[in-house]
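I'd like to walk you through one model today, so please take a moment with the sequence and the structure before I start.

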Amino acid sequence: MFENLTSRLTRVLDSIRGQGRLTEEQISAAARELRMALLEADVALPVIKDFIDKVKARALGVEITQSLTPGQAFLRIVQQELTTTLGGTAEPINLRAQPPAVILMAGLQGSGKTTTTGKLARKLKTEDKKNVIVVSADVYRPAAIEQLRIVAGQVGVEWFPSAVGESPVAIATAALAHARKQYADVLIVDTAGRTTVDQEMMAEIAQLHAAVNPVETLFVVDSMTGQDAAKTARAFADAVPLTGVVLTKIDGDSRGGAALSVRHVTGKPIKFLGVGEKSDKLEVFHPDRIANRIIGQGDMLSLIEETAKKVDAEKAAKLAQKLKSKKGFDLEDFREQMLQVQNMGSIESLIEKLPGGAQIQAQMKNVNAGKEMGKVVAIINSMTPQERKFPDLIKASRKRRIAAGSGVEVQEVNKLLRQFDTTRDMMKKVANGGMAKLMRGLAGRLPPGMMPRR
Ligand SMILES: Nc1nc2c(ncn2[C@@H]2O[C@H](COP(=O)(O)OP(=O)(O)OP(=O)(O)O)[C@@H](O)[C@H]2O)c(=O)[nH]1
């Protein structure tokens, strides 16, 4: 996500050296580079102008305190202005309505409306414990209605039937009456998408809006379309009272133009990011965290939240116990860790949230981490329980047997054993209080306010 913009900005920020006040030349040079970076990222021109003006004005007036170098001071200004451009504070989804709270999904064809409807239904069901019903008012494409039926089944929410030929308003009103009868908390109405903004489409969505009185009207838009995404959102906002925007396909967007333009161009907050095709790939939009990611500082808070959601707390506690005991870390634990990481989904999405993650990701482009981990698990599966507990037993003939059993070369078994040794050493350090050291090391790389206070 936004790799190109991040690497440009990191270079600009790294180029500000020296001590004392930021000089006018330094500020002008950095501002020029920033403008280039934002143009390349396909950010809308008025947004760029406003952003650069503000950064310049603040940088000229900045007092350099003893604790900040000019580079750090400039970084902080850029971070804060990016946060403002992205919307300031996070605006969570609003469900404050007489239930069922209605959410109307709008957007062009192929923007990811139906996928997002499923993701949102899943999130509201699993995280907020809401009773959700979904309905499709896309009466032009039977495939769209069928797609929503399948998605609803996958995430385990009720799908209200609709069919081609019915009127969208009649479908939505019937679904609302049904949701009331069922005491549902939320009704999500997916609507028809067209390839371009047209009058008929706008009239239809306006009628739907009037019929179901939604508490949220979300505009779903493909972030890969850059600043055009913000323009389309504005055209919709002129026709219906939008309450927020969902930017999809952020996982494939290396530029960031849509994210940086939407708020300024539409005045509407970005509420969610679609970060993959699967139903759990929806992130709440936090402007400050995204700003940190854009300047290469990572997003440790989201990483911690995401990890906490997916890691099995009981297993983690058991491992911690075991690390402290005499038994120590063995190949069973190594396999368990691999399986847990695989469970967390794509490693790339985790790495990109680490400080400097965009660069690491660029270097990892050719490595298929998921496949590598699968191989490790297969090799460990071919070992006997005894070998997993006492890896030092694994000598030449056992290595050959394990390699044959898992369909790999002996070198792969050696590689795994070396990786295991390194991990075991690291685990020992963590168990002996090395975590504190690790965090102190990280502290130097994170902007003020992001490190947990101790
Ligand atoms: N990589 C990625 N793909 C996504 C994301 N969101 C949606 N997609 C994909 O985009 C394509 C279009 O998504 P749909 O949900 O069918 O789009 P739609 O807006 O409902 O389209 P219509 O029903 O034709 O109006 C599908 O292949 C989705 O899997 C995302 O966040 N990341």
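Let's begin with residues 269-282, where the chain is 0% helix and 43% strand, with end C-alpha atoms 16 Å apart. UniProt, in an unreviewed entry, lists residues 269-282 as "domain: SRP54-type proteins GTP-binding". UniProt positions are given in the numbering used here, feature names are shortened, and annotations may be inferred rather than shown by experiment.

Before going further, a word on what you're looking at. This is a predicted model: local features need pLDDT of at least 70, side-chain atom pairs count only at pLDDT 80 or more, and totals for chains, interfaces and linings use all residues. Residues are numbered from 1 along each chain as its sequence is written.

Back to that segment, and to V275. V275 sits in the loop between strand 7 (270-274) and strand 8 (282-284). Is V275 buried or exposed? V275 counts as buried because 24 other C-beta atoms lie within 10 Å. The cut-offs are 20 or more other C-beta atoms within 10 Å of the residue's own for buried, 12 or fewer for exposed, and partly exposed in between, with C-beta atoms placed from the backbone. From V275 to Q98, C-alpha to C-alpha, is 31 Å in space and 177 residues in sequence.

Now the ligand. Which of the 19 residues around the ligand come nearest? They are G112, T114, T115, G193 and G274. Near means that the C-beta atom, placed from the backbone, lies within 6 Å of the molecule or strand. Helix 5 (residues 113-126) gives the largest share of this shell, three residues. By class, the shell has 12 polar, five charged and two nonpolar residues. Nonpolar covers Ala, Val, Leu, Ile, Met, Phe, Trp, Tyr, Cys and Pro, charged covers Asp, Glu, Lys and Arg, and the others, Gly among them, are polar.

Let me zoom out for a moment. The protein chain has 20 helices and eight strands. Of its 454 residues, 40% count as buried. Among contacts with a separation of 6 or more, 76% are between residues 24 or more positions apart. Contact means that the two C-beta atoms, placed from the backbone, lie within 7 Å.

Helix 1 (residues 3-14) packs with helix 2 (residues 24-40) at an angle of about 175°, their axes 9 Å apart. That angle makes helix 1 roughly antiparallel to helix 2. On the side of helix 1 the contact is made by N4, L5, R8, L9 and V12, and on the side of helix 2 by A30, E33, L34, A37 and E40. The contact comprises six nonpolar, one polar and three charged residues. Axes are lines fitted to C-alpha atoms, for helices over the stretch in contact, and angles run from 0 to 180 degrees between N-to-C directions. Under 35 degrees counts as roughly parallel, over 145 as roughly antiparallel, 65 to 115 as roughly perpendicular and the rest as oblique.

A30 turns up again with F74. F74 lies in helix 4, and is in contact with L13, I16, L22, A30 and A59, leaving aside neighbours within four places in sequence. F74 counts as buried because it has 25 C-beta neighbours inside 10 Å.

Next, some backbone geometry. Most residues other than glycine have a negative phi, and most peptide bonds are trans. Where is there a cis peptide bond? One joins P99 and P100, with omega about -5°. P100 is in the loop between helix 4 (70-85) and strand 1 (101-107).

Then there are two lysines. K129 has phi near 55°, a positive value in a residue other than glycine, and K249 has a positive phi of about 60°. K129 is in the loop between helix 5 and strand 2 (132-136), while K249 is in the loop between strand 6 (244-248) and helix 10 (257-266). K129 is exposed because it has 8 other C-beta atoms within 10 Å. K249, on the other hand, counts as buried because it has 20 C-beta neighbours inside 10 Å.

Last stop, P385 in helix 18 (residues 385-389). P385 counts as exposed, with 10 C-beta neighbours inside 10 Å. P385 and L331 are 54 residues apart in sequence, and their C-alpha atoms are 9.2 Å apart in space.

Notes:
Helix = DSSP H or I, 4+ residues; strand = E, 2+ residues; numbered from the N terminus.
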